[in-house]
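Hi there,

Here is the structure I promised to pass on. My notes on its salt bridges follow below.

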Amino acid sequence: MDRAASIEEQRAEYEKRGWTMARKVMPVEVADATLYKFQQELGGDWESYQGDYIKTFLTDKKAYECYSFDYTPMAMLQWGLTSYMSTVVGKDLLPSHAYFRVYRQGDVCHLHSDAMNCEHAMSLTLGYSNDYIWELNISDKYYDAKERRPADIANEEGDIRLHGAPMGIGDAVIYNGINYLHGRISPNPNRWSAHIFFHWVDRAGSFAKYAFDEKWRDVVRQADFKFPDDDAPEKVNPNRAEMVKERGR
């Protein structure tokens, strides 16, 4: 895959219609490993799950969810994607927040527009239990969210035309979350499907104050490392002891 050529096409699409596909943002193996690690650390059933198990206005059924500032690995994953996202969108972006969600079979994600801290968004598919593609739907029309909620305008006008964006594992859709309606209107055909929704704001834009979800002072800080005296003994993780012996050979 020619990433440089793809990014030029993606940027042109994003500017023209408010969204673009981003194939293999994660290789399938990396998506599998990421989701498995999430399951290990957050839990894989109702009794063990460490995030939220809730029904919101977006869904008809309860879903597993997790907010990025409640689970640092997800926040760091988003931070690492920021340069790529900035390149595709053509803006100097800063991360706002992200949500991990596992939908159950038959559920939908109702058409909606996002809050102002979701100026530029990425929906990334991490896994399908049954390998059935569940596409994201995005409105054909741009709605001026500064005037009124896009859903209110669309409901008055009627005849909402939607694009379908099918994603395999590791694929993503990059979209303007504020001015375009989006959701998943067909019932989920899988027993479960897992996705992350990342959100960014333009550093120089109207919503820059939402960077790091207004937690800037708690998050963006200078690190500091202190070394012990030279005669302090080595410390080696027992799980890595053999690797340390072989390193550098």
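Is Lys 24 buried, partly exposed or exposed? At 31% relative accessibility, Lys 24 counts as partly exposed (buried means under 20% relative accessible area, exposed over 50%, and partly exposed in between, with a 1.4 Å probe and protein chains only).

Before the rest, some housekeeping. This is a predicted model, in which local features need pLDDT of at least 70 and side-chain atom pairs count only at pLDDT 80 or more, while totals for chains, interfaces and linings use all residues. Residues are numbered from 1 along each chain as its sequence is written, and side-chain values use heavy atoms, with hydrogens and water left out.

The structure holds eight salt bridges (a side-chain nitrogen of Lys or Arg within 4 Å of a carboxyl oxygen of Asp or Glu). One of them pairs Lys 24 with Asp 171, with 3.3 Å between the closest N and O atoms. Lys 24 sits in the loop between β1 (19–22) and α2 (28–42) and Asp 171 in the loop between β8 (162–165) and β9 (172–176), so the bridge ties together parts 147 residues apart in sequence (helices, H or I, of at least four residues and strands, E, of at least two are DSSP runs, numbered from the N terminus). Asp 171 is buried, at 4% relative accessibility. Arg 23 joins Lys 24 and Asp 171 in a network of salt bridges.

Another bridge joins Arg 101 to Glu 65, at 2.6 Å between the closest N and O atoms. Arg 101 belongs to strand β4 (residues 93–104) and Glu 65 to strand β3 (residues 63–67), 36 residues apart. Both Arg 101 and Glu 65 are buried.

Best wishes
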